[in-house]
Amino acid sequence: MPDKPRHVAAVSLPPESRVTTLYATVNLADAYSIELPSGTSADPEVLARFIFSVLPPWMNGLMKIRDTVVAGFGLKTSRQLKAVDEKNKENRVGIFKIYGKEKAELILGEDDKHLDFRLSVLYSDAAAPSSKQRLTLSTVVHCHNRLGRLYIFIVAPFHRLLVQSSMRHAARRGWPKAR
């Protein structure tokens, strides 16, 4: 039976995350954290694939609207992003390209002509036996031009809602167990 949904909290970018130093200038930076139940997988790639494999249904509709709008500006659509590495799916998590993986952190993202972004999926726990497992999703965005800045201005509120909702949706479904 899935664990009860947990509270998603806005937090500062974790200093141990590699995304904090990727760009000289950042046009959007945010992070959200959720407590994981004991026994949850500590593998950030497993957690990322779990979160992004099944999104709340309303998000799919929002992505269709986004794709229709951005296609007119020559930007990558989610369909194009999914098709990039169709033969080599281990290089992608959903629409996101994998840029790096360490034991506790997976770096995802995409580059386009208007902006580059990276998403950190960071698993953490303290050394004490009573410590809590946490998952933090952090996003940093670097815009290249006015179109990128306009895009971020418009989508930032939706982005924040999407990240938090995706984390709550994953918690309701029940996190993957450690192997």
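These are my notebook entries on a predicted model of one chain, with a closer look at helix α4.

**Ground rules.** I number residues from 1 along each chain as its sequence is written. Local features need pLDDT of at least 70, side-chain atom pairs count only at pLDDT 80 or more, totals for chains, interfaces and linings use all residues, and side-chain values use heavy atoms, with hydrogens and water left out.

**Whole chain.** I found 4 helices and 7 strands (DSSP runs numbered from the N terminus: H or I, at least four residues, for helices; E, at least two, for strands). Along the sequence I read β-β-α-α-α-β-β-β-β-β-α. I then looked up burial: 45% of the 179 residues count as buried (under 20% relative accessible area; exposed is over 50%, partly exposed in between, with a 1.4 Å probe and protein chains only).

**Helix α4.** I placed α4 at residues 146–173. Its 28 residues should span 40 Å at 1.5 Å a residue (1.5 Å times one less than the number of residues). The end C-alpha atoms are 39 Å apart, which agrees. I noted a bend of about 50° at Val-155 (the angle between axes fitted to the seven residues ending there and the seven starting there). Pro-157 follows within four residues. Among the buried residues of α4 I listed Tyr-151, Ile-152, Ala-156 and His-159.

**Ile-154.** Is Ile-154 buried or partly exposed? I found Ile-154 partly exposed, with a relative accessible area of 48%. Ile-154 lies in α4. Together with Leu-150, Phe-153 and Phe-158, Ile-154 makes a nonpolar surface patch of about 450 Å².

How values were computed. Patches are made of residues with over 30% relative accessible area and no salt bridge: like charges are joined within 9 Å, nonpolar side chains (Val, Leu, Ile, Met, Phe, Trp, Tyr) within 5 Å. Accessible areas come from the Shrake-Rupley method with a 1.4 Å probe; for residues, only the protein chains shown count as cover. A salt bridge is a side-chain nitrogen of Lys or Arg within 4 Å of a carboxyl oxygen of Asp or Glu.
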